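Keep the sequence and the 3D view open as you read.

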Amino acid sequence: MVLTTADPVPAPTLDDAIAFATRIHAGQVDKAGDEYIGHPLRVMATVARTAGPAGVDPLAARFAAILHDVVEDSDTTIADLTAAGYPARVVAAVDALSHRPDESTRDYLARVAADPLAVVVKLADMQDNSNPSRLGRLDAEQSARLAARYVDRRALLDDLVLDREIQGRKIQGR
């Protein structure tokens with residue numbers, strides 16, 4: 001069978017996404033010197049438990065979690081993810097989760113707050129990044145700085161999500 005440009009690209013499976021992220025992050029290490037892929041895998045495991053109760057599709061959340069750093073940490077683009085056949089809502093969440101150069105933290109987190117799928121992934125991301133057992137492997141100054149950073153970012157994200165919910169209620173007349 002010959003594929004034409006009109007033929008749809010088969011959607012990648014979650015295993016495909018894991019393999020892709022593993023290839024993208026090969027050779028990358030986190031601040032403690034561990035293989036970087038461990039971070040997206042832990043974030044994916046967390047959202048598998050938290051997405052449903054948060055009202056977000058757990059499978060889409062797992063896809064977004066495993067892919068959440070591929071655009072920031074490689075030459076992979078949002079267009080590449082779309083061309084590979086990833087679902088639009090997953091690609092949109094990865095786009096929201098990808099911090100742009102020279103973008104303020106507030107603008108970045110406001111974009112995350114606008115996408116419920118991205119919010120679930122970002123909360124899991126920050127939880128993993130601020131895990132005391134991971135931070136405890138760093139020097140005391142870096143550990144304290146990162147812990148404070150994630151406390152501040154979590155508070156800002158919570159405020160932005162709440163603001164969006166309030167605005168949504170006002171628009172709906174509640």
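Q: By class, how many nonpolar, polar and charged residues are in the lining of the largest pocket?
A: This is a predicted model. In it, 23 residues line the largest pocket. Split by class, that lining has 10 charged, four polar and nine nonpolar residues.

Q: Which residues lie nearest the centre of the largest pocket?
A: The largest pocket holds about 450 Å³ of space. Of its 23 lining residues, those nearest the centre are Lys31, Tyr36, Asp125, Asn129 and Tyr150.

Q: Which helix gives the most to the lining of the largest pocket?
A: Three helices each supply at least two residues of this lining: H7, H8 (132-135) and H9 (140-172). The top contribution is four residues, and it comes from H9.

Q: Which residues line the second largest pocket?
A: About 150 Å³ of space lies in this pocket. Its lining consists of Ala54, Val56, Ala113, Ala114, Pro116, Val119, Val120, Val161, Arg164 and Glu165.

Q: Which elements give two or more residues to the lining of the second largest pocket?
A: The lining includes Val119 and Val120, and also Val161, Arg164 and Glu165. Helix H7 covers residues 116-129, and H9 covers 140-172. The elements that give two or more residues are H7 and H9.

Q: How many charged residues are in the lining of the second largest pocket?
A: Eight residues of this lining are nonpolar, and none is polar. Arg164 and Glu165 are among the lining residues, and Arg and Glu count as charged. The charged residues number two.

Q: Is Aspartate 102 buried or exposed?
A: Aspartate 102 sits in the loop between helix H5 (88-97) and helix H6 (105-113). Its phi is positive, about 65 degrees, although it is not a glycine. Its relative accessible area is 85%. The cut-off for exposed is over 50%, so Aspartate 102 is exposed.

Definitions and conventions:
Residues are numbered from 1 along each chain as its sequence is written. This is a predicted model: local features need pLDDT of at least 70, side-chain atom pairs count only at pLDDT 80 or more; totals for chains, interfaces and linings use all residues. Side-chain values use heavy atoms; hydrogens and water are left out. Buried means under 20% relative accessible area, exposed over 50%, partly exposed in between (1.4 Å probe, protein chains only). Axes are lines fitted to C-alpha atoms, for helices over the stretch in contact, and angles run from 0 to 180 degrees between N-to-C directions. On a 1 Å grid over the protein atoms alone, a cavity is a set of points where a 1.4 Å probe fits but cannot get out, and a pocket is an open set with protein on both sides within 12 Å along at least five of seven lines; lining residues have an atom within 4 Å of a point. Grid points are joined across faces, edges and corners, and a volume is the space filled by probe spheres set on the points.
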